[in-house]
Amino acid sequence: MLDALVNLIDAHADALSDAAPAREAAVMAREEAGGHAPRWARVRNLLRLISPVVADVAALAAAVDNIRGLIPR
């Protein structure tokens, strides 16, 4: 799902106030989640950084919410 989030950020970059940092955070979250021993708190924090940037684009906001729901606590 983090791959999809990166792709969505790319697709909606024109609608975002600052797409580059959001994309960078999504890539970092994807790398962290795909690692040998993911630090889920870090992934959650990165998603927290992305949320305000994507809040005005429904597809992106929904994707972030869906990913948050899948992350183990």
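These legends describe close-up views of a predicted model.

**View 1. Helix α1 packs against helix α2.** Two packed helices are described by the angle between their axes and the distance between the axes. Here α1 covers residues 2-11 and α2 covers residues 19-33. Their axes lie 9 Å apart, at an angle of about 170°. Angles over 145 degrees count as roughly antiparallel, so α1 is roughly antiparallel to α2. From α1, the contact uses L2, D3, L5, V6, I9 and D10. From α2, the contact uses A19, A22, R23, A26, V27, A29, R30 and A33. By class, this contact has 10 nonpolar, no polar and four charged residues.

**View 2. R30 and D3 form a salt bridge.** Side chains of opposite charge can pair when their charged atoms come close. The N to O distance between R30 and D3 is 3.2 Å. R30 sits in helix α2 and D3 in helix α1, 27 residues apart. R30 has 30% relative accessibility, so it counts as partly exposed. D3 is partly exposed too, at 44%.

**View 3. E32, R39 and R42 join in one network.** The side chains of E32 and R39 meet in a salt bridge of 3.1 Å, N to O. E32 also forms a salt bridge with R42, where the closest N and O atoms are 3.9 Å apart. This second pair links helix α2, which holds E32, to helix α3 (residues 40-54), which holds R42. The two residues are 10 residues apart. Is E32 buried or exposed? E32 is buried, with a relative accessible area of 14%. R39 is exposed at 51%, whereas R42 is partly exposed at 35%.

Conventions. Residues are numbered from 1 along each chain as its sequence is written. This is a predicted model: local features need pLDDT of at least 70, side-chain atom pairs count only at pLDDT 80 or more; totals for chains, interfaces and linings use all residues. Side-chain values use heavy atoms; hydrogens and water are left out. Axes are lines fitted to C-alpha atoms, for helices over the stretch in contact, and angles run from 0 to 180 degrees between N-to-C directions. Helices (H or I, at least four residues) and strands (E, at least two) are DSSP runs, numbered from the N terminus. Angles under 35 degrees count as roughly parallel, over 145 as roughly antiparallel, 65 to 115 as roughly perpendicular and the rest as oblique. Contact means heavy atoms within 4.5 Å. Ala, Val, Leu, Ile, Met, Phe, Trp, Tyr, Cys and Pro count as nonpolar, Asp, Glu, Lys and Arg as charged, and the others, Gly among them, as polar. A salt bridge is a side-chain nitrogen of Lys or Arg within 4 Å of a carboxyl oxygen of Asp or Glu. Buried means under 20% relative accessible area, exposed over 50%, partly exposed in between (1.4 Å probe, protein chains only).
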